[in-house]
Amino acid sequence: MPRRGRTLTIVALLALLAAVPPLAALAGQPFYLDLFRRVMIFAIAALSLNFILGYGGMVSFGHAAYLGIGAYAVGILAYHGVHDGFAQFALAIGASALVALVIGAISIRTSGLYFIMITLAFTQMLFYLGISLEEYGGDDGMRLAGRSVFAGLLDLRDPMPFYYFVFAILVACLYLVHRLVNSRFGMVLRASKSNEGRTRSIGFSPYPYRLAAFVIAGAMCGVAGALFVNQTAYLTPAFMSWTRSGEIMFMVILGGMSTLIGPVLGAAGLLLLEDLLQGWTEHWQIILGPILVLVVLFAKRGLAGLLPGGGRDE
Amino acid sequence: MSETLLAVEDLYKAFGALKATDHVTLEVRAGETHAIIGPNGAGKTTLISQLSGTLRPDSGRIRFGGEDITRLSAPARSHKGLARSFQITSIYRDFSALDNVALAVQAHAGHSFRFWRDARGDARLRDPARAILDEVGLGARAGVLAANLAHGEQRQLEVAMVLATRPRLMLLDEPVAGMGVEESQRMVQFLARFKGRQTIVLVEHDMDAVFSLADRISVLVYGRVIATGTPAEIRANPEVRNAYLGEEA
Ligand SMILES: Nc1ncnc2c1ncn2[C@@H]1O[C@H](COP(=O)(O)OP(=O)(O)OP(=O)(O)O)[C@@H](O)[C@H]1O
Ligand SMILES: [Mg+2]
């Protein structure tokens, strides 16, 4: 059963991620905790993009916007002395959902190249807005005044609990996307991508479903942003730069579009390869580029397609 | 005489200088199979697209069940009871045959803002979909990816999707196009079962299919309806013989 193989693959990968902290401690390499936490944060961002791109056919080229909004929500509250994680994450989710609602309401009326350009344009706008916020560091950004504290539960200043917090959120997001894409809602979303004319003719109006998916994806990426600023302890408008959007999109493509586990593989593949090559040579980008081109060319379903049962959902 | 279900009034649509629908007036009666025939490029598909809401007419009106639907979107018309098949098969190629039909059932089973339960495990969608697949003779192929079905099976699947929306009027654009003799005979027999209880607008080039299914026929030439009548009347019409049927009919 391909479905069974896929579930096993996902469980094995998650078990590996869960084993990183003890292994890193054993090896005396706490650096890996940091690296894999980063991988998981970007996996959440890529997962949210894959939800609308892979399953919904919406090529949003501005997904970094929500990463930035989530980060700024946490950063700005911390700057004003609010370190409560519940409030910070609630604001990150609310603000990114709201912005996604506005951007989606306008951009989803268009399609193809226009959709790509409009989502890019909105994100550039937010990028410049970030630069203009002198109070919060403007162009240079600012240090995070303090990491999020979930009173009585956990404190993101501790690397290990922080790691498992990100892990838990990643698992929750994977499960959420799994439920969503297989629900009635998800079927409409995927049908609209597969054949819009047919979908309209049998009686569905794709717009409200696409918009809802866009908002869910925005909120999910906002959570990734809130985690990311806790990771870097620093925030800058560069979180919202178009290269960042491209990076997230690349993770989705590298890992395998419209597969559940693809974004996780894509985030891991890109970030680990980057790290590996950086250790070898300072001209790592010259090597990274061709490797990525080859993977995309020869692994049609991305990295997920290479794993047992990892390919596309039936 | 039975009541009119669909009334097309002075419909007009031009592509640049080309009058694809040239002041068409047409009535489809409840329960009849109304064939629309005409040479290639006569504007048959363009007419169907305006009826289904895929294409906006430049002027004129479309009434369905007494209601003006000229400005309604395609999904809204689907919910009024109009369903179409496309000349070029339009199905979800990357979904199974059963998924295809279940989606059509789902479209008419309330809103789809249901985020959690597995749609493929939902008997309220799967059972009716399976029954319709059985009905069109694809029951044994339910689990096959639509892209992997034979051409004729894909045409059948599309008709199954049309049926799954429980339409009051089916608009079928060349349902037997590209089918083998046997397949096409089966499709004709299948459609014949609906005679009297289902209203059908049938666009078709296959004259055997047309004359065995149609209660009435309208002939479209250069965007214009040049004749409407019973099969016998159309056969006997000299203008029609001249423009389309030729001597063989
Ligand atoms: N979107 C379009 N833009 C411009 N011209 C079009 C368009 N769609 C159709 N036409 C033209 O309108 C005319 C009618 O086309 P239509 O497809 O309705 O004919 P048809 O009767 O269905 O022909 P066939 O029997 O070949 O299917 C043709 O001349 C066609 O080239
Ligand atoms: Mg045609």
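## The ligand site

Helix 1 of chain B contributes three residues to the shell around ligand 1, the largest share. Helices (H or I, at least four residues) and strands (E, at least two) are DSSP runs, numbered from the N terminus. The model is a predicted one: local features need pLDDT of at least 70, side-chain atom pairs count only at pLDDT 80 or more, and totals for chains, interfaces and linings use all residues. Residues are numbered from 1 along each chain as its sequence is written, chains are lettered from A and ligands numbered from 1 in the order in which they are written, and side-chain values use heavy atoms, with hydrogens and water left out.

Ligand 1 is surrounded by 14 residues (each with a heavy atom within 4 Å of it), and the closest are Lys44(B), Thr45(B), Thr46(B), Gln87(B) and His205(B). By class, the shell has five nonpolar, seven polar and two charged residues. In this division Ala, Val, Leu, Ile, Met, Phe, Trp, Tyr, Cys and Pro count as nonpolar, Asp, Glu, Lys and Arg as charged, and the others, Gly among them, as polar.

Several side chains approach oxygen atoms of the ligand. An N or O atom in the side chain of Lys44(B) is 2.7 Å from an oxygen atom of ligand 1. For the side chain of Thr45(B) the corresponding distance is 2.8 Å, and a polar side-chain atom of Asn40(B) lies 2.9 Å from an oxygen atom of ligand 1. On its own, ligand 1 has 630 Å² of accessible area, and the protein covers 61% of this; such areas come from the Shrake-Rupley method with a 1.4 Å probe, and for residues only the protein chains shown count as cover.

## The contact between chains A and B

The contact (heavy atoms within 4.5 Å) takes 28 residues from chain A and 37 residues from chain B. Between them the two chains bury about 2,800 Å², 58% of it on carbon and sulfur atoms. Buried area is the accessible area (1.4 Å probe) that two parts lose on being put together, summed over both. Arg184(A), Arg198(A) and Ile202(A) supply 30% of the area that chain A buries against chain B, more than any other three residues.

Two salt bridges are counted between chain A and chain B, a salt bridge being a side-chain nitrogen of Lys or Arg within 4 Å of a carboxyl oxygen of Asp or Glu. Arg198(A) forms a salt bridge with Glu158(B), with the closest N and O atoms 2.5 Å apart.

## A salt bridge within chain A

Over all chains, the whole structure holds 18 salt bridges. In one of these, the side chains of Arg210(A) and Glu196(A) meet at 3.3 Å, N to O. This pair links distant parts of the chain, with Arg210(A) in helix 9 and Glu196(A) in helix 8, 14 residues apart.

## Local features of the backbone and a loop

Val144(B) is placed in the loop between helix 4 (123-136) and helix 5 (151-164) of chain B. The C-alpha atoms of Val144(B) and Ser96(B) are separated by 5.1 Å, although the two residues are 48 residues apart along the chain. Leaving out residues up to four places away in sequence, Val144(B) touches Phe95(B), Ser96(B), Ala97(B) and Leu149(B).

Ala233(A), a residue other than glycine, has a positive phi near 60°. Ala233(A) is in the loop between helix 9 and strand 4 (234-235) of chain A. His23(B), in strand 2 of chain B, has a positive phi near 55°.

How values were computed: Polar contact = N/O pair within 3.5 Å; in protein donor to acceptor, adjacent residues only side chain to side chain.
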